[in-house]
Amino acid sequence: MPIFGEDERAIEESTRKAMSAQARTVDGFLGADAGWTEVSEQGWPLILVDEDSGGFGLSMRHAVVVVRELGRAGCTWPVGPTLAAARVLARHALDLDLTQQLLEGGGPLVAAALASDGPSFAPRSATTLGYLIPDQATQDGLRLVDAPDSAPPTGVTLLDGSEAVWLDLIASHEGHALPQGSALMRQTLGLLVAAECLGIAEDVLDRSVDYLKVRNQFGQPIGKFQVLQHRAADMYAKVQALQALVFEAATADSGPRGEFASRAALALARRSVISLCNDAIQLHGAIGYTDECVIGHRLRRAIVLLSTP
């Protein structure tokens, strides 16, 4: 468990409480668009925005705490990408109308990277304001484009049930050019993806350990069998390693090691979270493959998260 300050603990508790109050379906949270009202009321998009720009001026550790809890809850709202966009736009394009709409809680504005070797997608909803994407004509530039119509071929439903837009089809759209900010966007977005993966990893571990305690076979809980204890111990070690690296990267965010630490955290998340979900499914046995079991939903969410560039 990372060492939290009093304010970080308070944010963790408020985020967990907000998520527990949300209604769910098998495919995810109900009312993704209506749910953004909850996000705005909590003020999550403003966490990384300086106070002088109308935000909270908090640290990356606070942002990681929030996104990690969303991962634990299985929430598919684009909070991480919106946090990344708000951070960049508040620094480099504060006067734009879309920036002001974002800071006033008008809806998500998604930061997204473009893949170099395949199609790219980003989360969307009816309230999405726009997309902040790299400008391929410059080294560190970005372009802010309005959200397109969700009708095919621009819209698509992803494996985790969330809606997305094909960025390749809007990359040529006109938009406002920002001469810099791409490096900061990638650093922020990568670390927040790793943080959401951490939440998923912690959740599947907790659920697996609980299941080992209540599932009986041969007259005793299956958690008493040493081979399954070893599997759970291996999962615990992987989760602790990811947790340590994510929070170390969050602490180093504003320093010279920030970009390297973010890349390292994302690399470890890519290496471990899918494996952890597969281990959890195996520990649950046949029920782990069913729609009624949460583990499969966490696996699908992890696949979607790690499919982004």
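**Strands and cysteines in a predicted model**

Modeller: Strand β7 (residues 155-157) and strand β8 run antiparallel, joined by three bridges. Strands here are DSSP runs of E, at least two residues long, numbered from the N terminus. Two strands pair if DSSP finds at least two bridges between them. This is a predicted model, where local features need pLDDT of at least 70, side-chain atom pairs count only at pLDDT 80 or more, and totals for chains, interfaces and linings use all residues. Residues are numbered from 1 along each chain as its sequence is written, and side-chain values use heavy atoms, without hydrogens and water.

Biologist: Which residue in the turn between β7 and β8 has a positive phi?

Modeller: β7 and β8 form a hairpin. Five residues lie between them. The positive phi, about 90 degrees, belongs to G161.

Biologist: Which residue in β8 stands opposite F121?

Modeller: Strand β4 (residues 121-123) joins strand β8 (residues 163-166) by three bridges, and the two run antiparallel. Opposite F121 stands W166.

Biologist: How many disulfides does the rule count?

Modeller: A disulfide is a pair of cysteine sulfur atoms within 2.5 Å. By that rule the count is zero.

Biologist: Why is C277 not bonded to C197?

Modeller: C197 is in no disulfide. The closest cysteine sulfur to that of C277 is in C197, and it is too far for a bond because the distance is 8.5 Å.

Biologist: Is C277 buried or exposed?

Modeller: Buried means under 20% relative accessible area, exposed over 50%, partly exposed in between (1.4 Å probe, protein chains only). C197, at 0%, counts as buried. C277 has a relative accessible area of 0%, so C277 is buried.

How values were computed
Helices (H or I, at least four residues) and strands (E, at least two) are DSSP runs, numbered from the N terminus.
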